[in-house]
Structures are given as structure tokens and as C-alpha cells.
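Have the coordinates open as you read.

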Amino acid sequence: MKVLLMLATLAATSAHGLPAKAPSLPETKARVFTYENGLTLIVEEDRSAPVASVQAWCGTGSIHEGSLMGAGLSHILEHMLFKGTESRPPGAIASEVQNLGGYINAYTSFDRTVYWIDVPADGASEAVAILADAMMNATLPEQEYTKEQEVIRREFAMGFDDPNRQSSQLMLDTVFSESPLRHPVIGYLDVYNKLTRQDVLNYYKSRYVPNNLTFVVTGDVDADKIHEELGKLFESQPRRALEPVYTATEPLQLGRRDAHEEFPTELTRLSLAWRVPGLTNPDTPALDLLGEILGSGRSSLLNADIRERKELAHSVSAGMMSMQNEGVFVIQAVTDPDKREAVEKESLQILDGIKAKGVTEAELDRARRGLLASQLHALTTSRGMASDLGSNWLLARNLNFSKQYLDALGKVAVADVKRVANEYLRPDRLNSTSINPPGSLAKSDKTAAESHSGQVQKFTLANGLRLLVREDPRLPLVSINAVFRGGLLAEAKETNGITKLFTKALLKGTKSRTAEQIAEQIENTGGSISSDSGNNSFGVSVDVMQPDVSKGLEVLADVLINPIFPGREVALEKQSLLAGIKAEDEQPTAVGRNLVREQLFGSHPYGLRNAGAVESVTSLTAEQLRAFQKDFVTANNGVISVFGDVKAGEVKALVEKYFAAMPAGRLAFEHPPVPAPVNQSAPVSTHLDKQQGIVMLGFQSTAVNGPDRAALELINEASNDLGSRFFNRIREKMGLAYFVGAAQFYGLAPGAFIFYLGTDPKKVGPVTKELRDEVALLAKDGLTEEELQKAKKKLLGAEAIRNQSNDALAATSAMDELMGTGFDSYTRRKEELEKISLDDIRQVASKYFPASSSVEATVVPPEKPTK
């Protein structure tokens, strides 16, 4: 479900300190070419970076499947289109794109199927040729079709197991009774199972015709050259008859609808939805702004009241799902099953308040800026620009539709928001749906929803490798994590970034598998493989379905034990890492964080950048990566966790089989370097040509096993609350900051605790003083009883939500074991946090936050020369 304007809000920019007039979206400079056969080409030249995005948009989706509606024709065809053409055998397309240094992917929605390739600019012509070939000459090989059928069946299984997806589908199926929007894009499994390759081929031949295709190319390209090349590629393809597809019109809803179902989950997902007009309706901008005001961001009305003040929900949001002619306005919440009715009642009361009294100008202005910021962020890449142009053309045949839509947002008055709330969000048009834990709908049976998952079991293999297993048969999914001590602690200035590069290069080839084979062998099962690194560790994670546990462990062992670090792939990953470093250098908060860490830790590894520095990353070699692997990928230095639908004995046998070849080695950093104490130094500042100022006040903190960790975590939680003393005084009462909060990290060595805020550069002086004063007050008095109790509830609630999924709990348990706190430390968290008293908080705050131990850093724009 793609919408033109993403509903994610940039909370940091919705503040009173912004200038009165927000920036607007510039008109596109894209050119439109239409060929005689009806094919459309849109090109926007952008020389800002040597990259290009090439996209092929086909005007067909799940609502266009006619007599086979609900079969998922569009979706399986999307999977098949890259599997071979008349001139390219299976696998050739992916290989060609990789050789170009590019990335290829696709998605299917209700009204479109979109294929895209992102490449360095010199590969744009080849990318156009590849997509043109796929659009018109795909062969849908029988053998590939059979394999892809099974992959999609696994995708069905994952959807059946996903409470969020089931919640969304129940909502759509309730809102729409006749419209094809009620059907899942992937289809229904029983209908899908009856599909034949010939059905898919017939659909392909009927819908993938030049006059139903639009190519969008953005980036460092020559529009005339692309126009000529695409014309030659399609010169033998004539315009074809495009049979219109009947789509049922949704009748007027004549009364409230309720649908509440049970599902294997521990939390309730509630949706309150209304059918509203589509994206091109003049009332949609006002409805969009209403959704932003109600439920986008921490300061939204629903979040502030339902989550923060009344603690009824773990999360709550509101927004629009917009198609061309239909839309849905929805309020969604994740809550405990016994609070579902209270959340619904409170949400409707807040909505009734808007219907009666309207919204304020300040709320409306924040909402406009949030939607604008989201759209602007979406346009920062060539792919984002291409997606915007393609969507504009598909929906309105108007490349400037998104600009005009944003302009329309600026014309919405507070009276308009009140009017559309009353006109469209009526009680008799409400659809209340929810997915609930088993037994929770039958109040007499209070035990049916209890989890029957097993406890975590620990094994130690002969080579010293620690294995954690949790048997949880509720869903046929398995999460596998392998983590090792390393990260920044294993780096020096001259090797900064080696851990990040190492983890990415691990997946680029082994003695027996290419990078493509590694990805395919996991992804063909419906699984995924990824890697990452941090301050103290690095790791690889694999998610698979239950029948594929052996394959997942086999591939994981291979990438860890037998990597070869191919020169070309390592070079590509270095370029990607260097691009990330450059991008980070454009983000004020990241620049400020790096500056604070450098001042806090000096020559200690924690003072280095997580992604590395340009000089050090550039000089890294494959030989250094091999040495890093030899030193740190050892059994005694690692932990593997396998959580999900498994048997512990079987998992132990598989891990012993595949990981026996891992050398024993030793546990790294049993005595990690300790950073030198901080003596208060002069504030440091750097310039960045941005429109905001960043202030950070940093202190050295404790280690992961330090006795003060729990108290510092509670202080951190209290300092990030929407009603925190920092937020209320500095942002709300004084209007000095866009955002304000705290962040911390702890590791094998003492970490950092950082207070931060974003402000108007002209206010850096006064707001810095206020931040210092608030921190000094915290150091002197600690927290209030109300702050402490609220912090405990929020922290325990957040961890309970996180730990309900096996992938999160597997990662957490593995890291806790690796860091020395014990794999089962999560079971002691409630007791650990509950025993923290106000006196404990005061002592810890006084110990860690004295002004004499602080580091102050600011990021501000350079001064403009006076004329």
C-alpha cells in the first residue's frame, strides 16, 4: 500500500521556533516523452551525484486481475519478471545489475507494479535495457515458476503469522464490502494454489503493453540519450488493445461495523477506520492534516493523551491510506487486551473534541511542516525522485501533483479540519476491528492467552562456543543470531571502520558460495540474512522458516568460518561505507554526537566513529579483514542463539556439525581499556551549513555490568518522556528547542550519557544555559517519585513489547550473554528496576552528572559575512 505522501513525521521540526513561512516544494524539471506506441518516458536530470534510478511502472495491480481476482497474479508476476527473458537466462539480470554496481528490486500494490534499478550513472543505459527486456520479453520459465510458487507460499505463511499484517487485512476487509481493495495484494492461498503458469503468462501478455507502461529515469543522465535508447528498444513493440477491467464501486456504509478476532499474539492491535475520499478529492488535504494532528509524532493529541498521560496503549497513531479514488482514515493502537475498549473510547472522545472545538493554528502549522518534511526527505535520493514522479503520473498525469498537493495543504484552514472531521468520521461510518490474544475475547477464560514458549537453554560446545536455544512452537519461524566481541573496542584510529566493513564483506563470498548464492539460498526459502556491528560487538543474523533451520545454520557457519573477501566486492562495500560517512557528515545530530564522543573519550576506542573515518576506511585491505576474522571469529569469543519452532537437541546437533571447524580462540576484552577521566574543558563547536543548531552535553557513564546501570537507564527514560522536565521547560514553556532528550550507551568499558537538543542557531546561547541548569538540578535532586514510577513502567513496558518476538529476544539474550550479564538477565529486569529508590537515583545523578565532568559541544551554521 503506497501513498503519495508518507505519513512519517519529522518530530524534531514541528516546533514553535520555526520561521512563520515554511519552504515549499520546487516544481519538477522533468521532461515527458510519449512514443507512438503509447509508451511514456519521464526523465529528470540531476547532476548532484553520479547515480541514477531507472524505474518501470506498469499500470496494473491486484485490483486489475478480473476473473482471477484474489489470485495474486500481479504479485507472482512481479516475482517472475526478473527470472529470464528471451535473451537473458535465469539469474542473468541479477548478475548484470550487480556487475554494474547497482541494486534491483520491485513491489506490487493495488494499482501498480513497479520495478527499479539504482546504479552508478554510467550504468543507466544498461539498466534501461534490462528493464525494457523484462517488461516485454520475459519467458516465465516453468522451472523458475515452480520454485517461485513455493517461495510465495512461504510468504503467505509469514503473513498468516504476522499480527500486524492480519490486523491491517481485517481492517480493509471490514471497511470495504465490494471494492477489490478488500482483497490482499498477495491474494488468497486457496485461489493462488489454482493458478497455472499459463494464467500468469496470459495476464502478462494482456497488461504489460507499451501503452500501459511508464519508464521513469532520474539522476546524472542525458534525457535525449535515454529517450533515443528507449525508443530503439521498443521500436518493434506496437500499441496493443488494453481491455478495461471492471472494478466494483463501494456502496455507502449505512452503519457501524465491528470485527474482533483472536490470533496467536500477546498484545491487541486495534484499528478505528473510516472510508474517505481518494487522493485527488479536494477534502483529502484537510483529512491528511487531521491525521497528522491526531496521531503523528510524540506531541500528537492521541500519543500525548492515550500513551503518555493515561498509559492506555504502548503505541498509537493516525493517518491516511490514499488511493486515487478511495481512501481510509485510520487510528491504530497496540495495547493490552484488557485496555482495548478504553483506548477506543478515549480515541473517539479526542476526535469528538476536534469535531466540537476544532484544532489550533499552531497544531495545523506543525502538521503542515511534518507532511512537508516527510515529502522533502523522500526526494533526497534519485530513487525517491523517480518514485514521486511515477506516482504523480500514475495518479494524476501531472508531474507536479505532489507540489500542488502540498500547496493545497497550505490553504487548509482550521475550519476545514473541523468540517471534514464531522463530515467523514461519523459514528455510523466507523469500522472498529482488532486482533487479540487467544482467549482474551472470552473474559471468563483468562488463562488461554498465556504463552507456552519454553525457557532459554544454554549449551557450551567442545570448542567453547556458547549456544542458546528457546523452543517456541507457536509460529513456524526461527531466528538465528551469531554475535562476537569486537566493534569499536577492536579498532584504532588507523583501522577505524574495519568492523563495519568486515561485517558487510562477510556476506560477499566464501570458499564455496558467491555473494549471490549466499543471498539466494536464504531468500529462496523466504528468509533473510544480515550483518551489523556496534561499540562492543559484531554479528550476523539469519531468519528462516522452520523447515529451513539446517540450511540457515549451514550458510551462517560458512560466512563466518570461510569468508574470502573478494577484492571487487570489498571495494564496492568500501565505497558504500564512504558514502555513508559523507552522508553522516551532513546530519547535524550525527556530527554533534561524534564531536561529543571524541571529547569524552579522547584516544579511547569509544571516541572513534562507528562507521569509521574516510582516511582509515580508504586504506583498509582484504588482508586486514582476514586478520580480523582470525582474531575475533572464534568459538570462545562468540554466542549463537536459535529461537523459534525448534527442538533444542536437534539444534545442538546441527550447531555442533556446522560450527565444529570454528577455532576455539579466546574471549576478547576480558580487561577492556578504561577511558581517562574527563576534566571539564572549554566548550567545542563546529560549523555545518544547515538551518538548525545542535547542543549536546556529555558525561562518561558506567559499563554494562556496572552497579549503577539500572538507575542510569531510568534517568534516561525519564529524560526522554514527553512530559519530562527538559521537554516541558525548554521546549514547551520557553519555546527554545525543536527537540530535547537524552541518550546513553554502555559497553564492556564505561560508556556515555548525553543530553541533547535542537534549536534555532540564534538561540544556542540561552538554550545551552537552560540545558546546563536542568542537568545541574537533576544532579542535585534526582527524580521525583512520579518521574521514577513512570520511567519504570515505560521501560518495563517497552522491553515487554520488544521481547514478545523471538527475533528481538534472541538478539537480546545473545548480547547479554556475550557482554557478561547472562542470557537470562531479562527475567530479572523487573526486580532489578523495581528496587531502585529515589535515594539511589539521587546518588547516581550526583555521581555521574557534575558540571566538572561534562563535555559541551555545539553544531551551528557558519556565520554569514556582513555586506
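## Around Ser432

Skip the neighbours within four places in sequence, and Ser432 is in contact (heavy atoms within 4.5 Å) with Arg256, Arg257, Asp258, Ala259, His260, Leu270, Ser271, Leu272 and Glu344. With Glu344 there is also a side-chain to side-chain polar contact of 2.9 Å. A polar contact here is a pair of N or O atoms within 3.5 Å; within protein, one must be able to donate a hydrogen and the other to accept it, and residues adjacent in sequence count only if both atoms are side-chain atoms. Ser432 counts as buried because its relative accessibility is 0%; buried is under 20% relative accessible area, exposed is over 50%, and partly exposed is in between, with a 1.4 Å probe and protein chains only.

Keep in mind that this is a predicted model: local features need pLDDT of at least 70, side-chain atom pairs count only at pLDDT 80 or more, and totals for chains, interfaces and linings use all residues. Residues are numbered from 1 along each chain as its sequence is written, and side-chain values use heavy atoms, with hydrogens and water left out.

## The sheet that holds Ser432

Ser432 sits in strand S11, residues 431-436. Helices (H or I, at least four residues) and strands (E, at least two) are DSSP runs, numbered from the N terminus. S11 belongs to an open, mixed sheet of 5 strands in the order S7-S11-S8-S10-S9. At the edges are S7 (257-262) and S9 (313-322), each pairing on one side only; pairing takes at least two DSSP bridges between two strands. Neighbouring strands are turned by 15° against each other on average, direction ignored. Axes are lines fitted to C-alpha atoms, for helices over the stretch in contact, and angles run from 0 to 180 degrees between N-to-C directions.

S8 (residues 268-277) and S11 run antiparallel and are joined by 5 bridges, with Leu270 partnered by Ser434 of S11. Helix H9 (residues 284-295) packs on the sheet, touching S8, S9 and S10 (326-335), and its direction makes about 170° with that of S9. Helix H11 (residues 340-357) packs on the sheet too, touching S7, S8, S9, S10 and S11, at about 35° to the direction of S8.

## The nonpolar cores

Which residues touch the most other members of the largest nonpolar core? They are Leu560 and Phe659, in a core of 79 residues. Helix H18 (residues 549-561) gives the most to this core, with 8 residues. Apart from it lies another core, of 52 residues, among them Leu73, Tyr204, Val217 and Leu230. A nonpolar core is a set of buried Ala, Val, Leu, Ile, Met, Phe, Trp, Tyr and Cys residues joined through side-chain atoms within 4.5 Å.

Neighbours within four places aside, Phe659 is in contact with Asn463, Leu465, Leu553, Leu556, Ala557, Leu560, Ile561 and Ile640. As for H18, 10 of its 13 residues are buried, so the helix is largely enclosed by the rest of the structure. Those buried residues include Val549, Gly552 and Asp558.

## Strand S6, buried on both sides

S6 (residues 213-219) is largely enclosed by the rest of the structure, because 7 of its 7 residues are buried. Leu213, Phe215, Val217 and Gly219 point one way, and Thr214, Val216 and Thr218 point the other.

S2 (residues 40-45) runs parallel to S6, with 6 bridges between them; Ile42 has Val216 as its bridge partner. S3 (residues 51-58) runs antiparallel to S6, with 7 bridges, and Ser53 stands opposite Thr218.

S15 (residues 528-533) has Ile529, Ser531 and Ser533 on its covered face and Ser528, Ser530 and Asp532 on the uncovered one. It forms a hairpin with S16, with 3 residues between the two strands. They run antiparallel, joined by 6 bridges, and Ser533 partners Phe538.

Another open, mixed sheet has 5 strands in the order S18-S22-S19-S21-S20, with S18 (684-687) and S20 (739-745) at the edges. S20 and S21 (residues 752-759) are antiparallel, with 7 bridges, and Phe745 is partnered by Ala752. Helix H20 (residues 588-601) lies across S18, S19 (693-700), S20, S21 and S22 (855-860), running at about 30° to S19.
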